[in-house]
Each structure stands twice: as structure tokens, then as C-alpha cells.
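I opened my notebook to get to know a new structure.

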Amino acid sequence: MPAAKKTPAKKTPAAKAPAKKAAAAGKAPGAESAGGGARPESRTALVRRARRINRELAEVYPYAHPELDFENSFQLLVATVLSAQTTDLRVNQTTPALFEAYPTPEDMAAADPERLEQLIRPTGFFRAKARSLLGLSAALRDRFDGEVPGRLQDLVTLPGVGRKTANVVLGNAFGVPGITVDTHFQRLVRRWRWTAETDPEKIEAEVCALFPKSDWTMLSHRVIFHGRRICHSRKPACGACPIAPLCPAYGEGETDPEKARKLLKYEKGGLPGQRLKPPPDFPGPPAPPLGAE
């Protein structure tokens with residue numbers, strides 16, 4: 001008699017097992033292949049995943065933008081210096097009176113220090129910030145003919161201006177691509193395992209290497225938007241996150257969709273953004289002026 005044919009084993013349950021296992025472990029489907037499994041993620045896989053995250057964020061935040069109100073490069077430079085250790089909202093509520101009093105570097109360089117301190121007091125650390133503003137304004141007046149320079153090597157010579165501030169100004173006032181490594185950016189790129197570095201300059205270098213130069217400025221806006229709205233520091237809204245399947249850190253925060261939605265901030269939570277004068281395509285309401293919260 002001919003030998004009985006063996007029935008091939010069904011592969012469907014085995015194919016679904018990783019997703020079930022990930023769910024049981026509190027991970028999003030696909031998280032293990034995003035650098036969280038036993039095998040290290042290859043460089044090629046990392047680049048592909050990072051760029052896919054950027055594409056997904058571009059769909060979620062097509063209106064991503066710098067969240068500081070400004071009308072020229074000098075205003076953006078000043079606002080960015082003021083944004084240290086405070087929110088962009090508080091800066092935006094403070095700068096209208098500041099720029100009315102001192103519209104140019106020459107005006108600000110000649111400012112009475114005590115009056116300047118009082119105008120920027122709401123942003124915190126106002127004495128140190130006032131010294132930086134007086135110093136950078138004088139430098140712009142004396143060394144750059146009252147104009148904000150469009151080169152990183154010049155910007156970082158100004159008092160109170162480091163690489164982060166310089167990249168903000170270059171990317172958004174001069175169209176020069178750059179990565180803005182603020183606290184949100186650092187937190188998210190480490191959660192996504194784009195880098196294990198902790199030094200901002202090393203983080204900047206490693207993330208820059210994952211993307212074409214033309215993506216750097218908008219990538220920064222998208223990542224920072226996501227960090228402020230969904231991927232919070234203490235309790236990420238994992239259950240409401242559109243890139244959960246790509247995130248190795250899925251499960252660090254609230255995974256229940258209903259509970260996660262209650263954690264959303266700014267326009268994602270139906271609340272005002274940080275700008276008093278947001279772009280026309282911004283989907284949320286503008287922020288209130290100082291004293292009207």
C-alpha cells in the first residue's frame with residue numbers, strides 16, 4: 001500500500017502567537033521587532049523604523065510648527081532664550097509687551113536692566129535671562145550690525161545661546177535644517193531606541209544620521225509635538241498613541257484607550273495650544289493672553 005501522506009502542520013496559530021504574546025506582556029503588536037526582542041535591531045531596520053515613525057507623525061501633526069510666537073529672527077532668538085525652564089505658553093504671554101518696549105537689538109541693548117527684568121519676570125530665572133538678553137543684543141548691535149547671524153558658529157558665540165537655541169533659529173527663521181534636542185526630543189528618541197546617548201550633541205549627531213538633512217527641522221517639530229501631547233514624561237498615553245506598533249517602550253504608560261484619551265493635552269485634548277497667534281491650519285484654539293487663563 002502507498003505510504004499515507006502527511007498532513008502539513010497548520011502555521012496560522014504560530015504566526016499569530018507573537019502578537020498574542022506581546023499583548024499578554026503589555027506590548028503593542030510589532031514592538032518586539034522594533035528593537036525590543038531577543039535579536040538586536042539591525043542598522044537598516046532601525047533607519048526604516050525611524051523614518052516610518054516620522055511619516056506617521058507627519059500624518060498625525062501635519063500642522064506641526066515652532067510653538068513660540070515670533071515675527072522675525074530677533075524675536076525668535078529672544079523667545080527661545082526665554083523658553084529655558086518654562087513653557088512656550090508663558091513665553092508667548094510675556095513677549096508682546098517685551099517686543100513693544102524693545103523691538104530691535106539696539107533698543108534692547110540700551111534697556112534699563114530692572115525694567116527688562118520686570119517684563120520677563122513671568123518666565124522665571126529673570127535676572128539671568130535679562131543678562132543674556134542684554135548681552136546678546138549688544139553683541140548683535142556691535143558685531144553683526146544689528147542683524148541675527150544665519151550661521152551656527154556665529155549664533156553660539158552670543159550670550160545665552162547654545163546649539164539648541166541656534167538650531168531653532170536657523171531652522172525656523174533661516175530655513176537651515178537642524179535638530180532641536182530639547183527635553184521632549186531626548187525622552188522620545190531614547191524611548192524609541194533611536195539612540196542610547198544622553199549628551200544632547202551626541203543625540204543630535206546620531207538622530208541626524210538616521211534621516212536626510214531636509215527632514216531635520218520638521219522632524220524636530222513633530223517629535224516635540226508628540227512629546228507634549230501624547231508621549232508624556234511620567235504617564236505616556238500609550239493607548240491613544242498612533243505609533244504604538246512601532247514603539248519599543250509601549251506599555252510604560254496607560255494602555256487602556258479610554259483612560260489614555262483623558263491624558264491627551266493641548267488640541268489633542270480639546271484645549272488651547274501654546275501660541276497666542278497660531279498658524280491658520282492649527283486645529284485648536286489660540287492660547288489666552290497673560291492673566292486670562
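**Entry 1: the whole chain**

I began by noting that this is a predicted model. Then I looked up which elements the chain holds, and I found 13 helices and zero strands. Reading along the sequence, I wrote down the pattern α-α-α-α-α-α-α-α-α-α-α-α-α.

Next I looked up burial: of the 293 residues in the chain, 45% are buried. I also looked at how far apart in sequence the contacting residues lie. Taking contacts between residues at least 6 apart, I noted that 60% of them join residues at least 24 apart.

**Entry 2: α3 and α9**

How do the axes of α3 and α9 cross? I looked up helix α3, residues 73-82, and helix α9, residues 163-173; their axes come within 10 Å and cross at roughly 150 degrees. Angles over 145 degrees count as roughly antiparallel, so α3 is roughly antiparallel to α9. I marked this crossing as right-handed.

Then I listed who takes part. From α3 I have S73, L76, L77, T80 and V81, and from α9 I have T165, V168, V169, N172 and A173. Sorting the residues of this contact by class gave me six nonpolar, four polar and no charged.

**Entry 3: α6 and α7**

I turned to helix α6, residues 113-120, and helix α7, residues 126-143. Their axes are 9 Å apart, and the two pack at an angle of about 120 degrees. I therefore noted α6 and α7 as oblique to each other. The crossing of α6 and α7 is right-handed.

Which residues meet here? On the α6 side I found P113, L116, E117 and I120, and they meet F126, R127, K129, A130, L133 and L134 of α7. My tally for this contact reads seven nonpolar, no polar and three charged residues.

**Entry 4: N92**

Last, I picked one residue to look at by itself. N92 sits in helix α4, which covers residues 88-101. Is N92 buried or exposed? I found a relative accessible area of 1% for N92. Buried means under 20%, so N92 is buried.

What does the side chain of N92 reach? I traced the side chain to the backbone oxygen of Q274, at 2.7 Å. Leaving out residues up to four places away in sequence, I listed the residues that N92 touches: E67, L68, D69, Q274, R275 and L276.

Technical notes: Residues numbered from 1 in each chain as written. Predicted model: local features only at pLDDT ≥ 70, side-chain atom pairs only at ≥ 80, totals over all residues. Heavy atoms only, no water. Helix = DSSP H or I, 4+ residues; strand = E, 2+ residues; numbered from the N terminus. Buried < 20%, exposed > 50% of the residue type's maximum accessible area, 1.4 Å probe, protein only. Polar contact = N/O pair within 3.5 Å; in protein donor to acceptor, adjacent residues only side chain to side chain. Contact = heavy atoms within 4.5 Å. Axes fitted to C-alpha atoms, helices over the stretch in contact; angles between N-to-C directions. Parallel < 35°, antiparallel > 145°, perpendicular 65-115°, else oblique. Left-handed = near helix turned anticlockwise from the far one by under 90°. Nonpolar A, V, L, I, M, F, W, Y, C, P; charged D, E, K, R; others polar.
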